[in-house]
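Let's take a walk through a protein model, one piece at a time. Have the sequence and the 3D view ready as you read.

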Amino acid sequence: RAAAAAPAPAPAAEAPAPAAEAPAASGGGVTTVPVPSLGDSITQGTVLELVAKPGSVVKADDVVVSVETDKVSVELRAESSGLLVKYHVEEGETVDVGAPLYDLDTSVAASAAAAPAPAPAPSAAAP
């Protein structure tokens, strides 16, 4: 009887991988952000600094990573707001354009945006 319960967790361990891809395709949840184009004829760069820390909430246009190529240094910015889940790269690592850079949970953006909403109430009371 106890053995019958054991097989259930094993398939569950395999299920999260496809589930992680589904939200990325639908535009919600965790999205893997690739290394963007770094300029004409540039195919790779070196990660100088992981600016945002995993676990932090970033806003659209915040600098997330600094990358250097043989021609230019580039600050890579978040395309949307969300929770920076993890990096797929390390500082000093050479990365190819299109390779996974970091995971961003965009479902957290709504919660983060809602938090500052109470702040305008005190300014309304000031006049």
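## Before we start

Buried means under 20% relative accessible area, exposed means over 50%, and partly exposed is whatever falls in between (1.4 Å probe, protein chains only). Of the 127 residues of the protein chain, 24% count as buried.

This is a predicted model, in which local features need pLDDT of at least 70, side-chain atom pairs count only at pLDDT 80 or more, and totals for chains, interfaces and linings use all residues. Residues are numbered from 1 along each chain as its sequence is written, and side-chain values use heavy atoms, with hydrogens and water left out.

## How confident is the model?

The score to know here is pLDDT, the predictor's confidence in each residue, from 0 to 100. The protein chain averages 77, and 63% of the residues score at least 70. Over residues 2–27, though, the pLDDT is below 50. Beyond near neighbours in sequence, that stretch has seven contacts in the model, where a contact means heavy atoms within 4.5 Å. Where pLDDT is low, the predicted coordinates should not be read in detail.

## The overall layout

Helices (H or I, at least four residues) and strands (E, at least two) are DSSP runs, numbered from the N terminus. The protein chain has five helices and eight strands. Read along the sequence, the pattern goes α-α-α-β-β-β-β-β-β-β-β-α-α.

How much do contacts reach across the sequence? Among contacts between residues at least 6 apart in sequence, 56% join residues at least 24 apart.

## Two sheets

Two strands pair if DSSP finds at least two bridges between them. Zoom in on β4 and β5: they pair in the antiparallel sense over five bridges, and a hairpin joins them through four residues. Opposite Val65 you'll find Leu76 in β5, and opposite Val67 there is Val74, also in β5.

Another open sheet also has four strands, this time in the order β1-β8-β6-β3, and the pairing is antiparallel. Here the edge strands are β1 (30–34) and β3 (57–58), and each pairs on one side only. Two bridges join β3 to β6, and Val58 stands opposite Gly82 in β6.

## The nonpolar core

A nonpolar core is a set of buried Ala, Val, Leu, Ile, Met, Phe, Trp, Tyr and Cys residues joined through side-chain atoms within 4.5 Å. The largest one has 20 residues, and those with the most contacts inside it are Val64, Val65, Tyr87, Leu101 and Tyr102. Which elements give two or more residues to this core? They are β2 (44–50), β4 (63–68), β6 (82–87) and β8 (100–105).

Over in strand β4 sits Ser66, which is buried, with a relative accessible area of 12%. Not counting residues up to four places away in sequence, Ser66 touches Thr46, Val47, Leu48, Glu49, Val51, Val74 and Glu75.

## An aromatic pair

Rings of Phe, Tyr and Trp (its six-membered ring) pair if their centres lie within 6.5 Å; planes under 30 degrees apart count as stacked, over 60 as edge-to-face and the rest as tilted. The structure holds one aromatic pair. Tyr87 lies in strand β6 and Tyr102 in strand β8, so the pair ties together parts that are 15 residues apart in sequence. Both Tyr87 and Tyr102 are buried.

Most residues other than glycine have a negative phi. Ser41, in the loop between β1 and β2, has a positive phi near 65 degrees. At 64% relative accessibility, Ser41 counts as exposed.

Asp61 lies in the loop between β3 and β4, and its phi is positive too, about 85 degrees. At 49% relative accessibility, Asp61 counts as partly exposed.
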